[in-house]
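The following exercises concern a structure with its sequence. Work through each task before reading its solution.

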Amino acid sequence: MDIQLKRGMLDVCVLAAIKNGESYGYKIIKDMAPYITLSESTLYTILKRLENAQMLTVRSAEHGGRLRKYYHITDKGRERIEEFKSEWCEVMVMYQFVTKEDSVND
Amino acid sequence: MTKQEFLTQLQNGLSVLTESDAQERLNFYSEMIDDRIEEGLSEEEAVVQIGDVNEITASILSEIPQRVPASAAVKQENHANQQETPKKPRKKGMEPWQIVMLILGAPLWVPLLIAAFSVVIALIAVLWSEVGS
């Protein structure tokens, strides 16, 4: 898969991981684990990128005697998710067409 | 490897980054390790799960545009590497000092150039006249 494409998609996945409520680094990795394996360094880069794009905000909070960073989705982040969903509806239709051709020839 | 050993090694590997950039990343990994420990893993297991510190360092450094090439980063001696600043792309055209030198040296190289040119012309003339006779 084109690396830029994958990168963009992983960004949206991370947004989806925090769309229902704020989350923190390790929890995001755990939530995505059944679907996607994400390394810490990849996640760090994604979170930084999303923060710069103002699609999420970060706050530090005390947890068990240490500081933990919590990530919260913004309206812009939610818009990106919606944009992704409509983009991929189109892709799924094309996928159905491409794979439909295969089954006809079998 | 203990958490502290991991973080120290990571910090050494990231010495080319700015202090705040490196610190931010260290905090991130520290948090990740702590969260795993909180889940019930031992410190050793948590560090293992995060991954190999050299690989992590290499991948971080490879993301940074135009700094240290990834291969050099992995085998670097950090301080030695700090001396090697990234090469800036050559500016097109000449440096100002080179232009100044060219102008100042003109009384020297211009006559020399003319002389050399004249010698060449003379040689050609001689050869040409030889051919004629």
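**Exercise 1. Which residue of chain B forms a salt bridge with A:K48, and how far apart are the closest N and O atoms?**

Step 1. A salt bridge requires a side-chain nitrogen of Lys or Arg within 4 Å of a carboxyl oxygen of Asp or Glu.
Step 2. The partner of A:K48 is B:E24, and the closest N and O atoms are 2.6 Å apart.
Step 3. Between chain B and chain A the count is 7 salt bridges, and over all chains the structure holds 16.
Step 4. This is a predicted model, in which local features need pLDDT of at least 70 and side-chain atom pairs count only at pLDDT 80 or more, while totals for chains, interfaces and linings use all residues. Residues are numbered from 1 along each chain as its sequence is written, chains are lettered from A and ligands numbered from 1 in the order in which they are written, and side-chain values use heavy atoms, with hydrogens and water left out.

**Exercise 2. Describe how α3(A) packs against α2(B).**

Step 1. Helices are DSSP runs of H or I with at least four residues, strands are runs of E with at least two, and both are numbered from the N terminus.
Step 2. Axes are lines fitted to C-alpha atoms, for helices over the stretch in contact, and angles run from 0 to 180 degrees between N-to-C directions.
Step 3. The two helices are therefore oblique to each other. Angles under 35 degrees count as roughly parallel, over 145 as roughly antiparallel, 65 to 115 as roughly perpendicular and the rest as oblique.
Step 4. Contact (heavy atoms within 4.5 Å) involves residues including A:Y44, A:L47 and A:K48 of α3(A), and B:E24, B:F28 and B:M32 among those of α2(B).

**Exercise 3. How many residues of each chain are in contact, and what area is buried between the chains?**

Step 1. On the chain B side 16 residues take part, and they touch 18 residues of chain A.
Step 2. About 1600 Å² is buried between the two chains, with carbon and sulfur atoms giving 47%. Buried area is the accessible area (1.4 Å probe) that two parts lose on being put together, summed over both.
Step 3. In chain B the most area is lost by B:E24, B:F28 and B:E31, together 34% of what that side buries.

**Exercise 4. What does the salt bridge of A:E22 with A:R59 tie together?**

Step 1. The closest N and O atoms of A:E22 and A:R59 are 2.5 Å apart.
Step 2. A:E22 is in the loop between α1 (3-17) and β1 (23-24) of chain A, and A:R59 is in strand β2 (residues 56-63), so the pair ties together parts 37 residues apart in sequence.

**Exercise 5. At what angle do α2(B) and α3(B) pack?**

Step 1. The angle is about 130°, with the axes 9 Å apart.
Step 2. This makes α2(B) oblique to α3(B).
Step 3. Among the residues in contact are B:I33 and B:I37 of α2(B), and B:A46 and B:V47 of α3(B).
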